[in-house]
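Subject: Structure handover

Hi,

Here is the structure I promised to send over. Please open it first, then read my notes below.

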Amino acid sequence: MEYLQEARENHVKKKVEEALRSKMKQKALKECDFYCSKYAECARGRTFSVVWQCRKQAKELNECLHQFTNDSVLEEMKKAYMVEQETKEMKQ
């Protein structure tokens, strides 16, 4: 029963969730810019060999991105959105 209550509290429209996901990805790329640059530098001029030559850089980038793009981050963003919407409704 507690699960259903939590699901209702964090429910947002599909379009809102897509926008939040997009915002989350943009923030992740900004936060992980150093690792993006490292990976891009390694990949420059390579084709197939990028898979094994840049494995370390790809792993570092993925680990960084995962810190900012996971379900718990999305849930926090949804909660913040819901609080913001409630605040707007109360002011009206």
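**What I found**

V12 sits in the loop that links α1 (2–9) to α2. Keep in mind that this is a predicted model. V12 is buried, with a relative accessible area of 7%. The cut-off for buried is under 20%, so V12 qualifies.

**Helix packing**

Next, the pair α2 and α6. Helix α2 covers residues 14–31, and helix α6 covers residues 71–91. Their axes come within 10 Å of each other and cross at roughly 120°. That angle makes α2 oblique to α6. The cut-offs show why: roughly perpendicular ends at 115 degrees and roughly antiparallel starts over 145. The crossing of α2 past α6 is right-handed.

**Salt bridges**

How many salt bridges does a search of the whole structure find? The search gives six. Side chains of opposite charge can pair when their charged atoms come close.

- R21 and E17: the side chains meet at 3.2 Å, N to O. Both residues are in helix α2. They are four residues apart, so about one helical turn separates them. R21 is partly exposed, with a relative accessible area of 33%.
- E84 and K88: these side chains meet at 3.8 Å, N to O. Both residues belong to helix α6. Again the spacing is four residues, which means about one helical turn between E84 and K88. E84 is partly exposed at 42% relative accessible area. K88 is partly exposed too, at 45% relative accessibility.
- E41 and R44: the closest N and O atoms of this salt bridge are 2.6 Å apart. E41 has 51% relative accessibility, so it counts as exposed. R44 has 58% and also counts as exposed.

E17 and R21 lie in helix α2, whereas E75 lies in helix α6. E75 counts as partly exposed, because its relative accessibility is 27%. E75 and E17 are 58 residues apart along the chain. Their C-alpha atoms are separated by 9.8 Å. Recall that α2 and α6 are also the two helices whose axes cross at roughly 120°.

**Surface patch**

F48, V51 and W52 make a nonpolar patch. The area of this patch is about 410 Å². V51 is placed in helix α4, which covers residues 50–53. Is V51 buried or exposed? V51 counts as exposed, because its relative accessibility is 53%. The cut-off for exposed is over 50%.

**Where to look**

Then view the right-handed crossing of α2 and α6. Finish at the nonpolar patch of F48, V51 and W52.

Best wishes

Note on methods
Residues numbered from 1 in each chain as written. Predicted model: local features only at pLDDT ≥ 70, side-chain atom pairs only at ≥ 80, totals over all residues. Heavy atoms only, no water. Patch = residues over 30% accessible without salt bridge, like charges linked within 9 Å, V, L, I, M, F, W, Y side chains within 5 Å. Areas by Shrake-Rupley, 256 points an atom, 1.4 Å probe, with all protein chains shown as cover. Salt bridge = Lys/Arg side-chain N within 4 Å of Asp/Glu carboxyl O. Buried < 20%, exposed > 50% of the residue type's maximum accessible area, 1.4 Å probe, protein only. Axes fitted to C-alpha atoms, helices over the stretch in contact; angles between N-to-C directions. Parallel < 35°, antiparallel > 145°, perpendicular 65-115°, else oblique. Left-handed = near helix turned anticlockwise from the far one by under 90°.
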